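Student: I would like a close look at a single part of this model. Please take me through it step by step, with the cut-offs.

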Amino acid sequence: MAHKSLVAASTKPLVLSILSHGKSYGYQIIKKVEELSNGELNWTDAMLYPVLHRMEKEGLIVAEWVVLDNGRKRKYYAITELGKQEREASKAQWMNVNAAFNALWNGDLNIELG
Amino acid sequence: MGIFDLNNAVSDWTRQLKNHQGLEPGHVEELEGNLWDRIDDLLEEGKSEKDAFDIASQKVLSSISELANELYQVHAKKPSKTPPWERTASFFSKMPSSMKIAFRHMKKRKAYAFMNILGLSVSICFSFLIWIYVQDQSSYDQHYENADRIYRVIFDVKHDGVKVPQADIGQPVGPLLKAYYPEVSEKTRLRRIGATNTLAYGEVSIKSSDIFVTDEDFFKVFSAKLIHGKKENALTEPNTVVLTETMAQTLFGRTNVVGEFLTYSGVMPPIQVKVTAVIKDLGNQTHLPMKALISYSTYFDARELNNWLRKSYTYVLLSEANDIASLENQMPLFIEHYMIEELRRRVSPDVKVNLLFQKLTDIYLADEYMGEPYPHGNKANLNILVTIMFFLLIMAAINYVNMATATALERAKEVSIRKVLGSNKKELVFKFMSESILLALFAAAVSLVFVAFLLPYFGELTGLNTQLGVIFSLSNLKLIFSIGLTLGLLAGLYPSVYLARLESKNGIKSSLKRTKRGSWLRKGLIVFEYTIAATLMIWILVVGKQIDFMKTRELGYDKSRLLELKLPDNQSAMAQVAAFLQEVEMLPQVDDALKNAADLASGYGVGSHLMKSPTGEQVNVNLAAISTGYGFAETIGSNYLHGRDFNKNDLEEKGVLINETAMNMYGWGQNPLKAKWLQRDRQGEVTEEWNVVGVVRDFKMGISYDDVSPMIIFLDDRNIPENRVIVNFDRSQLTATVTALSNLWAEHFPDNIFQYELLEDRLDRLYAKEEIFQKLLSTLNIVTVLITILGVIGLISFTTEVKRKEIAIRKVNGAQVESILRLLSNQFLILLIAAFIVAGPIGYFLSKNWLNEYAMHVDLSYSIFVLTFIICLGFTLLAVVYQALKAANANPVLALRDE
């Protein structure tokens, strides 16, 4: 299981990144994240839905109800322009963090300390 | 267990979610979709429908409240820390829902709630204040242990058609009762020696009328807490004194003063008295608020036990059986055996005597007998106040009933909808009752604020000495809130039943006809309120008129021109009195001055005298006896109808004066100067004949509202402190006179303080009780008028609401504002007239009854009734005009477009 604070920090960018591939719905997002993280990120409904609603309120994503063939309703989320900008901003941040870790963990780096 | 149905399970699950606070329909549907997605997934994995549902639903539902809270944070306009359903329950949310609705209703109709609360709280406040006052007045002397077994022995003497009830009784009565009647277990006697006595310690001296000479067995009858000293021997020795705590503090600045000596001056030359005990103050709530007790033996020795002429206040403590009836039955024999002979000899041969026992706790509110040590309270006034108190509460309840039924129109819809939704009558009654109770309790709380605010004024008005802390005791608070609760219950009962009975089908289509019956009730109640307010007003005007009459009645002398000086009370200064008086008479502002032993501000009781009529036969006559110095009639501004004053140049003259009434009463008008007064010795034998030297034109002493007593006037020209100086002066030069007098005083009596008093002030103070009563009554009348005004406003606002369309149509058809005003105020004029038809006779009866207490009183004139009517009309118009103008000036379109 990923650390709580890491989950909190990564939820929004992950949701935005997933939705960049097309519109999706709550359960699908949970499944996708689980797949991509090899089961490490196991989101609960209680965590995801409030985040989705907040993002919708912030205008990063929009929601629409879709009636399925079997008569059920499903709420689909799609990314907005604002959401895309947000995604780019967080992408740059995560890349920076990633680059830092890569450099540190590749083994050939020599840092002078203390 | 039946077959598992997935669809049912899911819809059950959804319903559960919908009931969860904080989840809105959109959220629930989204979650439902989510659940289906999970289930579909699990079914694909090969799980059974039941397992799939269980796993999926558990996953979603396990964190349901967390989810709801999170969603609340997202959607709330002002996300506070915790969602409402997570907060600890507030007072408001804990209230029963009927209360909540009541509160909301109040919030919605603020003016209605305000008027109701104002009316209720004002009436609760004043009822409570009255109650406190009545309680205070009727619980005198109850703090004494065995108070129910203590009685005061009083008697009344009837002779020659006069009845003289006496508060004090011959010295031997107490000891005889104790010695011969097993019913009496203890007795004690007290007397006041002289009007005021002085106790002095070093520089500090206290002049007080609260110093009594007391039997040594005082503490056997009256319980008192001793701070220092012993009860048993406190009053046994002559020249000893028991002080109250306050007295000791004032004199010594401490209380452990047993063994100290004080200088005591009563009527005898000053003596040294030893403090033997200090007791806790006897308090204000006693008919005997004594501050110091001098031992009986200081004044009286054993011989006094047989002195039937010397009277004292006598109290007895009955034995445990407390058999007062048996004791009273034996009194005729007691009188026959011990008293009658003496009284026949001294007073009159046909004298009749009654010995009575007055319960200690009843004394303060009983009638005042002759020689009462202190003025009493007035039971009749208390009864009047209590009656008014009940009326106040009823009026407040009436206002509530009025306003609650007046808003019925508005509530009718609510009632209808509730009925349609399945409420039954009982529930509705309960709902409306809870509303009125809530309102009344709230008003009770508000009234506490009023009480706190008004208490100082009320204390000033009534002389009630109560601290706020004492007033707001737990039991009093309980009382206030139970008044509130009772009021809420009583006031709420009728409107609740009335509202709950409204027909639901009429309710929705609000029809006006339905309120017809209620409107008669409302009008009747308003008439009732008017009646109370007007009755009180009539009464108050009569009381005011009577007080005015008493103060301005022709007394036979000009009271405004008389000023009194107290002579100094040391012997050396007395030598200067004659010289001082001479110089006073020479002052340009002063007409006359004399020494006077009689007090013009007190009434003198009639006693029996033996006289010789002008034709020479001996007659028993009843005369009030006073003593004055030379020139009394001239000084007060009276004159002689016959004869002259005492002869200043004949010091041996044996002369008396009588007044006009005495002369006429005994038919001596022909040659009154031939009548003689017969002096008797202690055995009743005639020793000397005194000539009537003059007949004085009548003048009224003491209270002004009864007849002038037949009077005999003796000469008393001694230089003693009891003899005051009366100065007849030019009232327009008051300041100049007083300055001149004080200068003269300083010359002659440099060691004594100059004190003067206007006789008029002292006479006016005789009516203090009536004035307190007048003030109380006026205050309460203002309150009743206020409540009536609220009632009128309530009714007028209802009428204008009902007549909104009528007014609008009239206006559209060209009616003027004035005519609409008339339309609305006419009904109040009718109500007012109806009220006066009732209030007039009641007011007349009450005032007449009150006036009958006064031997002389004003006549009830029509003007009082007319004045009251005009005042009532005035405040009605004030209340009506504003509302009526508002209605008359409203845009008719708005009213007509409604519905």
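Student: How many residues does the contact take from chain A, and how many from chain B?

Tutor: First, the ground rules. This is a predicted model, where local features need pLDDT of at least 70, side-chain atom pairs count only at pLDDT 80 or more, and totals for chains, interfaces and linings use all residues. Residues are numbered from 1 along each chain as its sequence is written, while chains are lettered from A and ligands numbered from 1 in the order in which they are written.

Now the contact. Chain A gives 15 residues and chain B gives 16 residues. Two residues are in contact if their C-beta atoms, placed from the backbone, lie within 7 Å. On the side of chain A that touches chain B, α2 (26-36), α3 (45-58) and β3 (73-79) of chain A each supply at least two residues. Helices here are DSSP runs of H or I with at least four residues, strands are runs of E with at least two, and both are numbered from the N terminus. The most comes from α3(A), with 7 residues. By type, this side of chain A splits into 5 nonpolar, 3 polar and 7 charged residues. Nonpolar means Ala, Val, Leu, Ile, Met, Phe, Trp, Tyr, Cys and Pro; charged means Asp, Glu, Lys and Arg; the others, Gly among them, are polar.

Next, the chain behind that side. Chain A has 4 helices and 3 strands. Along the sequence the pattern reads α-β-α-α-β-β-α. Of its 114 residues, 24% are buried. Buried means 20 or more other C-beta atoms within 10 Å of the residue's own; exposed means 12 or fewer; partly exposed lies in between; C-beta atoms are placed from the backbone. Take the contacts in chain A with a separation of 6 or more: 49% of them join residues 24 or more positions apart.

β3(A), one of the elements at the contact, also belongs to a sheet. The sheet of chain A is open, with 3 strands in the order β1-β3-β2 and antiparallel pairing. Two strands pair if DSSP finds at least two bridges between them. β1 (24-25) and β2 (61-67) of chain A are at the edges; each has a single partner strand, so one side of each has no neighbour in the sheet. The antiparallel pairing of β2(A) with β3(A) runs over 7 bridges. In β3(A), Lys73(A) is the bridge partner of Val67(A). Helix α1 (residues 4-19) of chain A packs on the sheet and touches β1, β2 and β3 of chain A. Its direction makes about 95° with that of β3(A). Axes are lines fitted to C-alpha atoms, for helices over the stretch in contact, and angles run from 0 to 180 degrees between N-to-C directions.

α2 and α3 of chain A, also named at the contact, have a loop between them, and Asn38(A) sits in that loop. Asn38(A) is not a glycine, yet its phi is positive, about 55°. It counts as exposed because it has 7 C-beta neighbours inside 10 Å. Asn239(B) is not a glycine either, and its positive phi is about 60°. Asn239(B) lies in the loop between β8 (226-229) and β9 of chain B. With 16 C-beta neighbours inside 10 Å, Asn239(B) counts as partly exposed.
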